[in-house]
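Good morning, and thank you for coming.

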Amino acid sequence: MGRALVQAMVSGTTGRGFSVAWQAANGHGKVDMKKNTLALLFLLPLLVLGWMRLRLETDILATLPAEVPEVRALKLLRDGFAGGSDLIITLEAEDEAVAEEVTAALAARLEARKDLVSEVRWAQPMDQLAGTGTALLAWALENAAPKKLHETRTRLEGAGLEAQLQKSLREVTNSLDAERVQRASYDPLGLLDCLDTSAAASLEGSLFGLVSEDGTFRALMVTPASAVGNYKAAGLWLEQVRAEVAAAGQGREGLQVGYTGEPAFQAEIGAGIERDMSSTIGLTEVLIALLFWIMFRRLKPLLWIQGLVALSMLITLGLGGLLVGQLSIMSLGFAAIVLGIIVDYAVLIIQEARQHPELDAAALRQRAAPGIAAGACTTAVVFLSLLFSGLPGLAEMGLLVALGVGAGLGVMLFFVPSLARGQQAQTAPCLAPAWHSQPRWAVLATGVLVLGSTGVLCTRGMPIFQTSAEALRPTDSAAMDTFQRVQERLGRDLEASVPVLLTGPASELRARAEALSKKLDAAVKDGLLVRHAVPALLVEEPLARAANADFIRWLCQELPRLEQALDAAGFTEAGMGLLRGLTDVWGKEGAQAKAAPILNRFLATGERALAAGLAPGEGVVLASVSVPGSPGVPDRKKLGQLQALLRDGTGAWLAGWETLGGALSALVQKDLSEQMLPILALITLTLLITFRHWVDLVLSAALLAAGLAALAATMSLLGLGWNLASLAAIPLLLGTGIDYGIHILLALRRTGNDVRRVQATTGRAVFFSGMTTVIGFASLFFAGNRGISSLGLACCLGTLWILLVVLWLLPHWRRWLCGTAGSGQRA
C-alpha cells in the first residue's frame with residue numbers, strides 16, 4: 001500500500017511497465033470527463049441499490065463456516081427447538097423468598113402481555129406443573145414397548161388387579177426404601193413399570209432446572225409474541241420487557257437482573273456494530289488528520305481529503321451492499337483499514353504536485369497513476385487472500401477492504417489532481433546528518449533485534465495458538481456475562497453440561513436415542529462423563545404408538561372399575577391421581593398436544609426440522625452430557641475423547657461453544673497453510689520481477705523474518721497468543737512488509753545506497769503510509785469482537801516492527817552488502 005507514494009519524493013520512476021499500460025488504457029493520461037460522468041451516472045443507481053440492500057448481521061454464527069459440523073449443530077440447537085431463540089431473564093436476590101416472589105410476579109405480568117410474549121417458562125410450583133408432567137408420562141406410555149403394555153394389561157385384568165394392589169400395599173407398609181414407598185403410593189397399578197423412570201429423573205435434573213440449589217437465583221425463558229426480525233426490533237422489544245421487569249421488582253433492594261439469549265445478543269451486537277462503526281471511523285479520521293497536519297501543515301488539502309475519503313466510503317458501502325449485502329461483527333473493521341490506506345493515494349498526488357507545480361491535472365494524474373495503481377493492486381490482492389479464510393466474516397472483511405481500496409483509487413485519481421495542481425509549494429528534503437543514518441547505531445540495533453528476539457523465543461517459546469472459541473465472543477457484553485452467570489449458578493460443581501444433538505430419519509430416532517443412551521452409560525462407568533440425559537422415552541415411535549392405541553382405549557374404558565378397586569383397597573385420592581390424570585389427557589386434547597411445550601424443547605421433526613435446515617423426513621433430538629470440569633469450562637481432554645466417541649457412527653455430535661474452538665482452529669490453520677504457499681510464491685515472483693538481483697531478494701526475506709520474529713517475541717513477552725482471527729495477520733503483514741521493502745530497496749538502488757537521502761525522501765513517504773495503516777489497524781483494537789480486536793493488535797504491532805526495520809535497518813543492511821555507488825547506478 002502506498003507503493004507509489006515514494007514517486008514524488010525521489011527521482012526516477014518505478015513500475016514502468018505499469019506506467020505504459022496505464023497510458024495505453026487512458027489516452028496518455030488524458031481523462032475523458034464526459035465518459036467518466038456517464039459512468040458515474042450509470043454507477044449511481046447501483047450504489048443506491050447497494051445501500052438499500054446493506055444490513056447489519058448480528059448473528060455470530062453467520063460469520064462462521066456453515067459446513068463445519070459444530071457450527072451446524074449450534075444453528076440447529078438454536079433454530080430447531082422451541083426456546084432456542086428465547087430471552088433469558090435472570091433474577092438474583094439475597095433471600096430465597098424474595099427471588100421466588102419477584103419471579104412469580106414477573107411471570108404473571110409477562111403472561112398477561114399477549115401482545116409482547118407468547119410463552120413464559122419458569123420454575124413453577126409443583127401443583128402447577130402436574131398437568132404437564134402427567135402429559136409427558138402419557139406420551140411416554142404411548143411410545144413404550146407394546147410388549148410391556150400388554151403385560152401390564154394382563155396383570156390388571158380379572159383377579160390380577162387385586163394381586164397388584166396387595167403388592168403395592170405391602171410396599172407402602174413394609175418397604176424401607178423411601179423411593180419404592182413413594183412410587184407404590186402414587187402408582188399402585190404399576191402403570192409406569194414399563195418406563196425407565198430413572199432416565200426421566202436424570203432428564204428432569206439435567207435440563208429442566210431454572211432455579212439454583214439455594215433458591216436465590218432464578219431464570220425465566222421468555223418467547224416473543226412474534227419473530228424479532230432485526231436488532232432494532234429486538235432492542236425495542238427488549239425495552240418493553242425491561243419495563244415489565246422494573247415494575248415487578250419495584251421496591252426490592254439488592255435485586256440483580258440480567259438478560260441473555262438470542263434477543264439480548266441481537267440487540268447488543270447490532271447496537272455495538274453501529275457504535276464501533278462510528279467510533280472507529282471517527283477516531284481513525286481524527287488521527288490521520290492529525291498526522292497529516294504534523295507532516296504537511298496544510299489545512300485546505302486536509303479538508304477536501306476528508307471529503308473524498310467520505311465519498312470513497314459511501315461507494316465502498318454501496319458496492320459492499322451489492323456483493324456482500326451485510327456488515328457483521330467481524331467484517332465491520334474494514335472501514336478503519338480502508339481509511340488508513342486510501343488517504344495515502346491523495347498524499348501521493350499532493351507530493352507530486354509539490355515536486356512538479358508546473359503540471360496540469362492530466363499530466364499530474366499520468367505521473368501518479370501507475371505507482372498508485374500498482375500499490376493498490378498489491379494491497380487488494382493481499383486482502384483478497386482472506387477470501388480463502390475458513391471464517392466467512394473474515395473473508396467478508398477482506399473483500400470489503402479490497403473494494404474500498406479500488407473505490408479509493410478511483411476517487412482519488414479522479415478528483416485530487418484537479419484539486420492539487422498548482423496549489424502546493426515546492427519543498428526540498430532535509431539531508432542534514434541524523435543519528436538513525438549512522439552505521440554504529442544500526443549495528444547495535446541489529447544485534448539487539450536479533451539477539452533479543454532469539455533470546456525471548458528460546459526462553460519463553462513461540463506464542464501459543466488458542467483453540468478456544470473466545471475469539472468469537474464480544475469484548476464487553478452484558479449478555480455474555482449473564483450467560484456465564486447462568487452456567488455458574490444453575491450448573492453443578494465440578495462438571496460442565498454440554499448439549500448433544502442426535503439426528504437421523506424420524507422413524508429411527510427412538511432406536512438411535514436408546515443406542516446412544518447405552519453408549520453414554522458406558523462412558524459414565526469409564527469416568528469419561530459424570531452423567532447424561534438422553535430423552536429416549538420421549539422420542540416418538542410410530543409403530544409402537546399404533547400398537548398401543550388398544551391399551552389406551554382399554555385403560556380409559558376400565559377407569560370406573562379400576563377406581564372402585566383402588567378405593568376398596570384403601571388407597572386415597574393421591575393414589576388415583578396418576579390414573580385419572582392419564583385418562584383425562586387421553587380423553588381430551590391428547591398427550592402430544594398437551595406435552596408439546598416441553599416436547600418441542602427436545603424434539604424437532606416435520607416442519608420445524610425442515611425450518612431448521614434438515615432434510616425431509618429427518619428429525620433431531622436434544623440430549624445433554626455432563627463432563628468433568630467446572631460450569632462452562634469442561635475438561636478439554638475428556639471433551640476431545642467424547643467427541644471421538646460420538647463420531648463413531650452414533651449420528652450425534654456436541655453442540656456447545658466449548659467444542660467449536662477446536663474445530664475452527666483446525667480449519668483456520670489448514671487454510672493458512674494452504675494460503676501461505678501461493679502468497680509466498682506471489683511475493684517471490686514479485687521480488688524477482690522487481691529486483692532481478694539476489695541481494696535484494698535476500699534482504700526482503702530478512703526484512704520479513706526480522707519483523708515477524710520481533711512480533712512473535714513481543715507477543716510472548718506480553719502473554720498474547722494467536723487465535724482464530726489474529727492468525728490472518730501473518731499474510732497481511734507479509735504483503736504490507738514486502739511493499740514497504742520494495743520502496744526502500746528501489747530508492748537505495750537509484751541513489752547508490754545513500755542512506756540519509758533515502759530516509760529523508762522515500763522513508764518519509766513510507767513512514768506516513770505505514771503510520772496511516774497502523775492507525776487503521778489500531779482502531780480495530782477497540783472493536784466489539786475479541787477476534788477482530790486481537791487481529792488489529794497483531795497487525796498494529798507487526799506493522800510497527802516492520803516499519804522500524806524498513807526505515808532504519810534495511811538501508812544500512814544493503815549498504816553493508818553492496819557498498820556505495822554514484823546516484824542512479826545499480827548497486
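I shall begin with the overall picture, and then turn to one helix, some individual residues, the cavities and the salt bridges.

Please bear in mind throughout that this is a predicted model. The protein has 827 residues, of which 52% count as buried. Its secondary structure consists of 30 helices and 12 strands. As for the contacts with a separation of 6 or more, 84% of them are between residues 24 or more positions apart.

Helix α16 covers residues 439-460, which is 22 residues. From its first C-alpha to its last, α16 reaches 31 Å, close to the expected 32 Å.

Which residues of α16 are buried? They are Ala442, Ala445, Thr446, Leu449, Ser453 and Val456. Viewed down the helix axis, the buried residues of α16 fall within an arc of 125°, so they line one face of the helix. An α-helix has 3.6 residues a turn, so residues three or four places apart point the same way.

What do the buried residues of α16 pack against? Their partners are α26, residues 694-718, and α30, residues 786-818. On the other side of α16, the exposed residues are Arg440, Val448, Leu451, Cys458 and Thr459. After α16 comes Gly461, with a positive phi near 85°.

Helix α30 brings us to a particular residue, His812, which lies in that helix. Is His812 buried or exposed? With a relative accessibility of 2%, His812 counts as buried, because the cut-off for buried is under 20%. Leaving aside neighbours within four places in sequence, His812 is in contact with His436, Ser437, Gln438, Pro439, Ala442, Val755 and Gln759. One of these, Ala442, has already been named among the buried residues of α16.

Asn753 is found in the loop between α27, residues 729-751, and α28, residues 755-760. The phi of Asn753 is near 65°, a positive value in a residue other than glycine. Asn753 has a relative accessibility of 1% and counts as buried.

Not counting residues up to four places away in sequence, Glu396 touches Val324, Gln326, Ser328 and Ser331.

I turn next to empty space inside the model. Rolling a probe the size of a water molecule over the atoms shows where empty space is left. How many cavities of 30 Å³ or more does a search of the whole structure find? The search finds 4. The largest cavity has a volume of about 80 Å³. Among the residues that line the largest cavity are Leu386, Ser389, Gly390, Leu394, Val668, Asp671, Leu672 and Gln675. Helix α25, residues 657-691, gives the largest share of that lining, with 4 residues.

Finally, the salt bridges. The count for this model comes to 27. Let me describe a few of them.

In one, Arg545 pairs with Glu142, and their closest N and O atoms are 3.1 Å apart. This pair links distant parts of the chain, for Arg545 is in helix α19, residues 542-557, and Glu142 is in helix α5, residues 126-142, the two being 403 residues apart. How exposed are the two partners? Arg545 is partly exposed, at 25% relative accessible area, whereas Glu142 is buried, at 8%.

In another, the side chains of Asp115 and Arg113 meet at 3.0 Å, N to O. Here Asp115 is exposed, with a relative accessible area of 57%, and Arg113 is partly exposed, with 22%.

A further salt bridge joins the side chains of Arg153 and Glu157, at 3.2 Å, N to O. Arg153 is partly exposed, at 27%, and Glu157 is partly exposed, at 34%.

Salt bridges may also form networks. In this model, Glu92, Asp214, Arg485, Glu488 and Arg489 are linked in such a network.

Thank you for your attention.

Notes: Residues numbered from 1 in each chain as written. Predicted model: local features only at pLDDT ≥ 70, side-chain atom pairs only at ≥ 80, totals over all residues. Heavy atoms only, no water. Salt bridge = Lys/Arg side-chain N within 4 Å of Asp/Glu carboxyl O. Buried < 20%, exposed > 50% of the residue type's maximum accessible area, 1.4 Å probe, protein only. Expected span 1.5 Å × (residues − 1). Arc of directions from axis to C-beta. Contact = heavy atoms within 4.5 Å. 1 Å grid on protein atoms, 1.4 Å probe; cavity = no way out; pocket = protein on both sides within 12 Å on 5 of 7 lines; lining within 4 Å. Points joined across faces, edges and corners; volume = space filled by probe spheres on them.
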